[in-house]
Amino acid sequence: MNFRLTQPAILIDINPLNELAGVNNGAGERLRVGALTRYRNLERDPATAQHLPLIAEALPHIAHPQIRNRGTIGGNLAHADPASEMPAIVLTLGGRLRAQSAKGERWIDAADFFVGALTTALEPDEMLMEVELPKAPPRSGACFMEMSRRRGDFAIIGVACTVRLDDHGRCAEARIGLCNAGDGPVFATQAARSLAGRAIGKNEIAEAAKLVQSEIDPGGSIHASKEFQRHLAGVLTMRALTKAGERARGSA
Ligand SMILES: Cc1cc2nc3c(=O)[nH]c(=O)nc-3n(C[C@H](O)[C@H](O)[C@H](O)COP(=O)(O)OP(=O)(O)OC[C@H]3O[C@@H](n4cnc5c(N)ncnc54)[C@H](O)[C@@H]3O)c2cc1C
């Protein structure tokens, strides 16, 4: 509404639904974030830094403190802006989302939730209740980087990645997601697969960055041509993978 994208005839205020706000950090390997959790609360919850380092690093890039005081993770994911950080991160982490209507509830994998620009798999009568995310496993590292023209602006390109190492220090699993690189958040499947079972060295990272450039389809804008976005995606992927690899080695 702030961007004058919509002028709804009816507004439903979900602010009083306190049970939808907060981080539920149970003993298991996954934690849940309620749809009405504000960015600010997520930033300040100790569980975020401890278990969701990718989100902790990305949060300061989302708009300005005024927006983060009010914006909710559920509103952000349901809005599904392709340039937005959080959809790319939830996709990168392999999260899943709980939708509910008067008829019942269902869980939707992030890979199926984001359908296109400003479009999700939510039905008109469904509401997003919470998102479930895996906690960072041992021997893993994460990194989020983005380039924007000014601090707080939407990203020209953003890259999120995680790396998990095996007992020999090789890559057991890598995951790479991008924002503002296509119609919705992009998961760079081939680039991520190319690293599995290999050392995370300079050559492997450069190869993965090249694959990322071939897997994205950025739209271009007055701020950056498609070619420049593609170039940035390669550079940021190399930097972010290098950093995630270092962090994984540090935690091992
Ligand atoms: C000036 C400005 C700068 C911004 N910069 C960035 C940025 O850099 N990066 C970024 O990621 N975002 C940015 N945003 C977007 C912001 O982060 C919020 O994601 C966005 O404003 C949504 O806010 P909200 O949570 O209040 O949701 P709302 O605005 O209330 O809702 C957004 C949409 O989602 C629907 N919705 C909300 N909650 C639910 C739910 N639980 N279930 C189903 N549907 C729901 C609403 O009906 C609406 O269609 C910016 C916004 C502004 C105004």
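Helices (H or I, at least four residues) and strands (E, at least two) are DSSP runs, numbered from the N terminus. Keep that in mind for the views below. This is a predicted model, where local features need pLDDT of at least 70 and side-chain atom pairs count only at pLDDT 80 or more, while totals for chains, interfaces and linings use all residues. Residue numbers start from 1 along each chain, as its sequence is written.

**View 1. The loop residue N180 has a positive phi.** You'll find N180 in the loop between β10 (171-179) and β11 (186-187). Its phi is near 60°, a positive value in a residue other than glycine. Most residues other than glycine have a negative phi. Is N180 buried or exposed? N180 is buried, with 28 other C-beta atoms within 10 Å. (Buried means 20 or more other C-beta atoms within 10 Å of a residue's own, exposed means 12 or fewer, and partly exposed is in between; C-beta atoms are placed from the backbone.)

**View 2. R4 also has a positive phi.** R4 sits in the segment before β1, and its phi is near 60°. R4 is exposed, with 6 other C-beta atoms within 10 Å.

**View 3. Five strands make an open sheet.** The order is β1-β2-β7-β3-β4, and the pairing is antiparallel. At the edges are β1 (23-24) and β4 (104-109), each pairing on one side only. (Two strands pair if DSSP finds at least two bridges between them.) Strands of a sheet pair through backbone hydrogen bonds. Zoom in on β2 (residues 30-34) and β7 (residues 127-134): they pair in the antiparallel sense over five bridges. Which residue in β7 is the bridge partner of G34? It's E130.

**View 4. The largest nonpolar core has 72 residues.** Such a core is a set of buried Ala, Val, Leu, Ile, Met, Phe, Trp, Tyr and Cys residues joined through C-beta atoms within 7 Å. Here I89, V159, C161 and L178 touch the most other members. Helix α10 (residues 226-251) gives the largest share, seven residues. Domain 1 (18-134) and domain 2 (140-251) each supply at least three residues; these domain bounds come from an automatic or database domain assignment.

**View 5. Here's the neighbourhood of C161.** Leaving aside neighbours within four places in sequence, C161 is in contact with T92, A142, C143, A174, R175, I176, A240, L241 and A244. (Contact means that the C-beta atoms of two residues, placed from the backbone, lie within 7 Å.)
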